[in-house]
Amino acid sequence: MAFKQVSSPHSHARQSTGQIMQLVLLATLPGLLVLSYQFGWGLLINILIATISAISAEALILKLRNRPIEFYLRDYSAVVTAVLLGLALPPLAPWWLVVVATVFSIVIAKQLYGGLGSNPFNPAMVGYVVALISFPIEMTTWVTPVSLLAADVSHPGLLESLAIVFAGNSPVDGVTGATPLDLFKHSDGLLVEQIYQNNSLFSAASFAGVGWEWANVAFLVGGLALLKARIFTWHAPMAMLGTLALMSMLFWDGGSSNSPGSPLMHLFSGASMLGAFFIVTDPVSSAVSNRGRLIYGALIGLLVYVIRAWGSYPDAVAFAVLLGNFAAPFIDNYTVPRTYGHGQSRRATDKETSE
Amino acid sequence: MRRIWDTPGGVHPPDNKAQSLTSGIGQLPLPEKLILPLTQHVGGAAKVCVSVGEKVLKGQKLASASASISAAIHAPSSGWITAIEERAVAHPSGMSAPCIEITCDGEDRWIECMGYPDYKQATPLQLRNLIADAGVAGLGGAGFPSAAKLDRGTHMPVDTLIINATECEPYITADDILIRERADQIIQGIEIISHLLGTPKTILIGIENNKPEAIAALNQQCQGTGIEVVSFPTKYPSGGEKQLIYILTGKEVPSGQLPADLGMVCLNSGTAFAIKRAVIDGEPLISRITTLTGEACDINRNYEILIGTPVSHLLEQNAFNPDLCSRLIMGGPMMGFSLTSSDVPLVKTSTCILAPSHTEIPDGDPAQACIRCGLCAEACPASLLPQQLYWYARADDHERLQAHNLFDCIECGACSYVCPSNIPLVQYYRSSKGDIVNARTAKATAAVARERFEFRQVRLEKADTVRETKREARRLATEQAKITSPTTTQSSGSSAADIIKAAQLRGSTRQASPEQQKAKLERTLMAAEMRLKEAQQRLLQATTNGSADQQTQQLASVEAAKRKVEQTAQRLTEVSH
């Protein structure tokens, strides 16, 4: 009788790519909850719009490419891109901004390169940067954290939020404001201490900036859970955060008027933790070896600091990640691990053949 | 306590060993026929030394080792040779190979065995010959002829002998049960090997800590022998030769070299047992322990099977249900290969027959995209980058594949095991290795062909020059003769003046009969033109379906014919004017 011919190994571990993506989604929940508490309904609406656009765009392109739609949608990668983008875009941003950023992520940054696994750049970050460059006003309007709202002002409710997002209604005065990094950047000529005293964003904060610090802690928690579940290794995120901390310590300058800010502010503001655990760890666009990921993470940490401190944008994770993506193949060339039985590691472009 | 080194990577699949360990080693009823492939080992096929129709006894040699790396084959039972022909054998490709078929007579009558219980009196060469004559080959699965492995030759002296009892593949318990039941004979075997190798300083038995009973049995037998039993944490693939050497000694076998280059010899525990049988009892390798396991068989246990027993016979005896079986695997679930038919025989390297149910080993899902998650790189025991190898394999980028040390991949399957996208990575690597080897061979063949062509060109040129010189010499000689013959009175010592005179004379004779010359030249021209036409036709043929060599040859003859036509035509015009 005839039996099936199959190549070894015959056993497989039970974790699938779809499951990994679902775990990543799950791990964003603490961050999402804290952000929603701090900034209202806006982020959930973002995520909803982004997810619908992402799935539609992915399905459309898969259809055009004659690929099985359901099979590829089940890897959840489009949803992950959408959720990360929705978390990064400002709450209460107009719906079309979210749609443009998401569709660009999925269609241009991902599917045009060949779909999941073939994109050289992180799709969510490409979409974010496209939106940031194209619509600077919408992209830099953030909502004020809940604890800093004036007594007679509150975040818009769900319906009101939907009206702002879809109908273009303007939010009530005092609902939108600057982010800590924004504020810090535009407080030239003041000592760090003065900035902290003058602004409730800092003075009312526990250790970094109101609203943002706890959101960052929440993303850190989610990220550590993923690390524990061995979804990624510690190399890239720790190298990024370590470099960011190191740089902000080196250039702290005693809190002078030239100081670009404290290590705590840099680690727990903006997209630091979201970036470190959910963006830098994107395996597709990062360096591949552990050694390579150390360098890759450190490079991104360095770039984040350089752009925040001396560039013209208050936050820099998206730019830094894209620049890191550029460098990844180059890093890979020099960081091939040493194979068993070889005296030293080789380069990826080594011409000499080993027999 | 000996220090244990931890290898990078590795995976922990469920070990599934308990089900085949509920009973001891069993015996099967004699099959009707035994099929013995001539290649059950690494190296040259054995050379048949019996003929069809011959009656053979159990243990009689049927085929002898054909080269230094080869192994003899013996009759596992008495009977008649009923065929020597191509049969389907156990091979990943499902191919056929030359086999000897024995129809058993049921008597199972032994040939007289000459044991050598007093092996310490024997020289290493004698012992090696005994082992070679018994057809012992590595029983762990690789099947490397043991006598060749134990041949010290020009290698450095052996200071470490490692016995591999790791058995890291899930499901397989053949070594485990053999150690539990016959540890004493294994130790005897190790002592023989040790004596043969000039008593290495260190003798280690490496075994995973998931076999406590086997470890206890070994420890008991090893007391006072100087043999050290080293158990270490269970992790697949610790039983790979290179991995085991690292775990026990912290040394790596350099890429492209052998353990012998480090002064080490590594043998499977089952092989040590076979060597004991061969030397002390004089029994050749005609049986081995094979695990039969998997939910598609009612009975899961180990058998001492005769080499050559058809897999179907083993399955039939154990209530095998083909409807339950998702695939039939020879070897373990990590490195074993699927059999397309159960008619193939069990051979010296058959550690296990695994007949899993559909729930046990389900059919794989289709492969998803590689997201370079790196789980494979973390699982790789050789510290390769499987995800990169995969992309380069798909792109047929041989250079990058080699730069990423593809050939150091041991095909253990840990990468595919953990791949969340279910990509058959090992299959890609095997295929790429094959492609690269083929490309190397093609390149080497092309280089030889080019060399031969160039050599031929030089030879032809040389021949041309020689011919030219000879022609010139003949012409001079003829002229000489012409000058000397009409004026015989003159002396043979011709001066320059004589030659000039002769040339003038020849010129005048030529002028004397222009008609004749013209006619002759016209004939030559016609013939030359015909030859040219023929040559052109041959060239056309060669360009459509000839080799490069033939083409150049034909091109040369066309050129030569053309030259001839031109020359003749020119001379004709000269004569006509």
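The second largest cavity of this predicted model is lined by 16 residues, and those nearest its centre are B:Leu139, B:Phe273, B:Leu285, B:Ser287 and B:Arg288. A cavity is a set of points, on a 1 Å grid over the protein atoms alone, where a 1.4 Å probe fits but cannot get out, and its lining residues have an atom within 4 Å of a point. The model is read with local features needing pLDDT of at least 70 and side-chain atom pairs counting only at pLDDT 80 or more, while totals for chains, interfaces and linings use all residues; side-chain values use heavy atoms, without hydrogens and water. Residues are numbered from 1 along each chain as its sequence is written, and chains are lettered from A in the order in which they are written.

**The second largest cavity**

- About 180 Å³ of space lies in this cavity, where a volume is the space filled by probe spheres set on grid points that are joined across faces, edges and corners.
- At least two lining residues each come from α3 (174–196), α6 (269–281) and β13 (287–293) of chain B. Helices (H or I, at least four residues) and strands (E, at least two) are DSSP runs numbered from the N terminus.
- The element that gives the most to this lining is α6(B), with 4 residues.
- By class, the lining holds 9 nonpolar, 2 polar and 5 charged residues. Here Ala, Val, Leu, Ile, Met, Phe, Trp, Tyr, Cys and Pro count as nonpolar, Asp, Glu, Lys and Arg as charged, and the others, Gly among them, as polar.

**The largest cavity**

- The whole structure contains 7 cavities of 30 Å³ or more, and the largest has a volume of about 440 Å³.
- Its lining consists of 30 residues, with A:Met21, A:Phe278, A:Thr281, A:Asp282 and A:Pro283 nearest the centre.
- Two or more lining residues come from each of α1 (17–27), α5 (77–88), α7 (123–134), α14 (235–250) and α16 (272–279) of chain A. The largest share, 4 residues, belongs to α5(A).
- The lining of the largest cavity divides into 20 nonpolar, 7 polar and 3 charged residues.
- This cavity lies between domain 1 (16–177) and domain 2 (180–335) of chain A, because both give residues to its lining. Domain bounds come from an automatic or database domain assignment.

**Domains of chain B**

- Chain B is divided into domain 1 (18–354), domain 2 (386–512) and domain 3 (513–577).
- Taken over C-alpha atoms, the centres of domain 2 and domain 3 of chain B are 26 Å apart.

**A nonpolar patch on the surface of chain A**

- A:Leu246, A:Leu250, A:Phe251, A:Leu302, A:Val306 and A:Trp310 form a nonpolar surface patch with about 560 Å² of accessible area together. Patches are made of residues with over 30% relative accessible area and no salt bridge; like charges are joined within 9 Å, and nonpolar side chains (Val, Leu, Ile, Met, Phe, Trp, Tyr) within 5 Å. Accessible areas come from the Shrake-Rupley method with a 1.4 Å probe, and for residues only the protein chains shown count as cover.
- Helices α14 and α17 (290–310) of chain A each supply at least two residues of the patch, and the largest share, 3 residues, comes from α17(A).
- A:Leu250 belongs to helix α14 of chain A.

**Backbone features**

- Most residues other than glycine have a negative phi, and most peptide bonds are trans.
- A cis peptide bond, with omega about -5°, joins A:Ser8 and A:Pro9; A:Pro9 is in the segment before α1 of chain A.
- The bond from B:Tyr236 to B:Pro237 is cis, with omega near 0°. B:Pro237 is placed in the loop between β11 (227–232) and α5 (241–249) of chain B.
- B:Tyr171 has a positive phi, near 75°, and lies in the loop between β9 (160–164) and α3 of chain B.

**Salt bridges**

- Over all chains, 29 salt bridges are found, each being a side-chain nitrogen of Lys or Arg within 4 Å of a carboxyl oxygen of Asp or Glu.
- B:Arg2 forms a salt bridge with B:Glu228, and their closest N and O atoms are 3.1 Å apart. B:Arg2 lies in the segment before β1 (26–27) of chain B and B:Glu228 in strand β11 of chain B, so the pair ties together parts that are 226 residues apart in sequence.

Terms used
1 Å grid on protein atoms, 1.4 Å probe; cavity = no way out; pocket = protein on both sides within 12 Å on 5 of 7 lines; lining within 4 Å.
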